[in-house]
Amino acid sequence: MFSRSASRTFTQSRQFSSSAARQTKVAVLGAGGGIGQPLSLLLKQNKLVTSLNLYDIRGAPGVAADVSHIDSPSKVTGYPADQLDQALEGVKVVVIPAGVPRKPGMTRDDLFNTNASIVRDLAAAVARVSPEAHLLIISNPVNSTVPIVSETLKKAGVYNPQRVFGVTTLDVVRAARFLSEVTGAHPDECKVTVVGGHSGSTIVPLLSQIAHGKGVKGETYDKLVHRIQFGGDEVVKAKDGAGSATLSMAYAGAKFADALLRGLSGEKGVVTPTFVKSDLFAQEGIEYFSSNVELGVNGVENIHPLGPLSAEEEKLLAACLPDLKKNIEKGEAFAAQS
Ligand SMILES: NC(=O)C1=CN([C@@H]2O[C@H](COP(=O)(O)OP(=O)(O)OC[C@H]3O[C@@H](n4cnc5c(N)ncnc54)[C@H](O)[C@@H]3O)[C@@H](O)[C@H]2O)C=CC1
Ligand SMILES: O=C([O-])CC(=O)C(=O)O
């Protein structure tokens with residue numbers, strides 16, 4: 001049932017957005033943070049969201065009061081630190097940007113020690129209160145936090161791999177923007193499928209699969225790939241200790257949430273890369289992988305194969321797999337000991 005077509009992505013028509021019957025309750029865990037605040041602002045504008053529950057250990061009621069004044073129909077409620085369970089009641093989609101961001105000199109993996117337990121505990125609460133919710137994991141390191149969430153749900157007996165997503169959309173957004181800068185083409189004409197994981201060498205852009213990408217060669221190609229793989233570092237460096245990407249991530253998170261909500265509402269042909277439980281590299285012992293995924297009423301409906309790769313992309317993939325495997329195993333080992 002695999003299709004090579006990735007032509008319909010998250011910029012699809014909004015024809016389903018007007019149906020009240022398809023609206024949904026969404027929670028943001030970490031809503032008071034650098035990503036959480038603008039993400040909540042963007043989700044408040046999404047017509048598919050009926051109710052927005054904003055939770056954080058700090059500041060969520062204030063963010064909720066502010067966002068709730070925006071003139072869209074959805075209801076916004078803020079929940080303080082001791083009301084996590086209340087925040088999760090009846091939610092269909094849970095977006096998790098809770099956790100610490102990088103400072104200059106750190107890798108995403110350096111965040112593991114702090115963020116692993118935050119994500120595990122939030123996933124355990126979701127398993128208890130809203131076991132059928134779809135979980136969108138933004139907290140880094142995504143290559144490890146997605147396995148942690150999955151293992152936590154498994155332990156609770158409520159794991160459904162169709163409902164757990166690592167949000168890698170920022171890599172897709174960056175690839176489109178950076179390729180458009182190189183070629184002069186509009187970013188809409190530069191939609192690159194980005195596969196693998198979400199850190200450095202595990203990020204593999206498949207530039208050869210689109211017209212504007214396949215013409216990029218030599219040093220320009222190498223620099224473009226490096227920029228897509230290490231775009232996060234550019235922001236960490238420029239923010240100089242004040243954190244990592246928040247605004248572009250909120251945009252990317254809202255874009256992915258919109259794609260999922262449209263799929264859940266019955267729209268067909270919603271396809272975008274996301275980091276999910278996947279058979280694509282299971283033979284190599286890699287259980288999770290980001291590739292084009294068709295989103296539908298059950299969440300993950302269909303995982304697309306990678307399609308044809310150039311020689312350069314084969315090399316990038318070969319470099320990605322061992323690192324990705326280590327990151328996944330680290331997350332699984334943590335969950336097993338917890
Ligand atoms: N997937 C991706 O592409 C990206 C992921 N990130 C990651 O997103 C995470 C958040 O980044 P920022 O928003 O910039 O950080 P931030 O520090 O500004 O905000 C994090 C928020 O999480 C809250 N928090 C901490 N523990 C919590 C808990 N147990 N329950 C609920 N909330 C809790 C904090 O109070 C804070 O408000 C980081 O891990 C960062 O690395 C950032 C950019 C891109
Ligand atoms: O670089 C970071 O730490 C945050 C992130 O994941 C990104 O911007 O892609």
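**Domains.** I am working from a predicted model. I looked up the domain assignment of the protein chain first. It gives domain 1 (24-168) and domain 2 (169-248 + 268-327). I noted 23 Å between the centres of the two domains, taken over C-alpha atoms.

**Where the domains touch.** I then checked the contact. On one side I find 25 residues of domain 1, and on the other 28 residues of domain 2. On the domain 1 side, helix H5 (142-155) and strand S6 (164-166) each supply at least two residues. H5 gives the most, with six residues. I sorted this side of domain 1 by type: twelve nonpolar, eight polar and five charged.

**Ligand 1.** Next I turned to the ligand. I count 32 residues around ligand 1, and Gly 33, Gly 34, Ile 35, Ala 98 and Asn 140 come nearest. Helix H4 (residues 112-129) provides the largest share of the shell, three residues. By type, the shell holds 16 nonpolar, 13 polar and three charged residues. Domain 1 and domain 2 both give residues to the shell, so ligand 1 lies between them.

**Helices H6 and H8.** Last, I looked at a helix pair. H6 (residues 169-183) and H8 (residues 218-229) pack at about 150°, with axes 9 Å apart. An angle over 145 degrees counts as roughly antiparallel, and I therefore log H6 and H8 as such. Their crossing is right-handed. From H6 the contact uses Asp 171, Arg 174, Ala 175, Phe 178, Leu 179 and Val 182; from H8 it uses Thr 220, Leu 224, Arg 227 and Ile 228. I sorted the residues of this contact into six nonpolar, one polar and three charged.

Notes:
Residues numbered from 1 in each chain as written. Chains lettered and ligands numbered in written order. Predicted model: local features only at pLDDT ≥ 70, side-chain atom pairs only at ≥ 80, totals over all residues. Axes fitted to C-alpha atoms, helices over the stretch in contact; angles between N-to-C directions. Helix = DSSP H or I, 4+ residues; strand = E, 2+ residues; numbered from the N terminus. Parallel < 35°, antiparallel > 145°, perpendicular 65-115°, else oblique. Left-handed = near helix turned anticlockwise from the far one by under 90°. Contact = placed C-beta atoms within 7 Å. Nonpolar A, V, L, I, M, F, W, Y, C, P; charged D, E, K, R; others polar. Near = placed C-beta within 6 Å. Domains from an automatic or database assignment.
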